[in-house]
Amino acid sequence: MADQLKGKKPRIPVAGRHVWEWFWKMDRTREGTGYGINPLQPTQIEAWMRLRRIVPQAWHLDAIDKMDATRMRVYFEKKDDKEPEQVSSRPLTSRLFDALFPAKR
C-alpha cells in the first residue's frame with residue numbers, strides 16, 4: 001500500500017486481491033476531520049460488509065486492519081512532509097496585529 005501511495009504499482013497476491021479491493025472501496029467512504037482522515041471503525045467495516053452480504057473471515061478483518069494502519073501512517077507522514085503554508089511574507093508586528101484585530105470599545 002505504501003508503494004501505491006508513492007505512485008508505484010503494488011504487488012498484491014491473487015488470494016488477497018478481493019480484500020484489497022474491499023479496503024479501497026471502504027477507504028472512499030471513510031470519515032475525516034479538518035485535520036485529516038480517521039481510522040476505519042469496526043462498525044463501519046461491519047456495515048459495509050453486511051450491506052454487501054459478505055461474511056468475512058478473521059484473516060480478512062486482520063488484513064483490513066493492517067492496511068488501514070498503513071494507510072493512516074502513510075497519510076500522516078505525507079501530510080507532515082509538506083511545508084507549512086505561508087500566509088504572508090510580512091512579519092507580524094504589534095501595529096499590524098492591532099490593525100487586524102482592533103480593540104472593541
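**Salt bridges around Asp27 and Arg30**

The side chains of Asp27 and Arg30 meet in a salt bridge, with N and O 2.6 Å apart, where a salt bridge is a side-chain nitrogen of Lys or Arg within 4 Å of a carboxyl oxygen of Asp or Glu. The model is predicted, so that local features need pLDDT of at least 70 and side-chain atom pairs count only at pLDDT 80 or more, while totals for chains, interfaces and linings use all residues. Residues are numbered from 1 along each chain as its sequence is written, and side-chain values use heavy atoms, with hydrogens and water left out.

**Salt bridges**
- Across the whole structure, a search finds 4 salt bridges.
- Asp27 also forms a salt bridge with Arg71, whose closest N and O atoms are 3.1 Å apart; this pair links distant parts of the chain, 44 residues apart, with Asp27 in helix H2 (residues 17–27) and Arg71 in helix H4 (residues 58–81).
- The side chains of Asp68 and Arg30 meet in a salt bridge of 2.6 Å, N to O, and this pair links helix H4, which holds Asp68, to the loop between H2 and strand S1 (32–33), which holds Arg30, 38 residues apart.
- Salt bridges that share partners join Asp27, Arg30, Asp68 and Arg71 into one network.
- Helices (H or I, at least four residues) and strands (E, at least two) are DSSP runs, numbered from the N terminus.

**Burial**
- Buried means under 20% relative accessible area, exposed over 50%, and partly exposed in between (1.4 Å probe, protein chains only).
- Asp27 counts as buried because its relative accessibility is 10%, and Arg30 counts as buried at 11%.
- Asp68 counts as buried at 6% relative accessibility, and Arg71 is buried as well.
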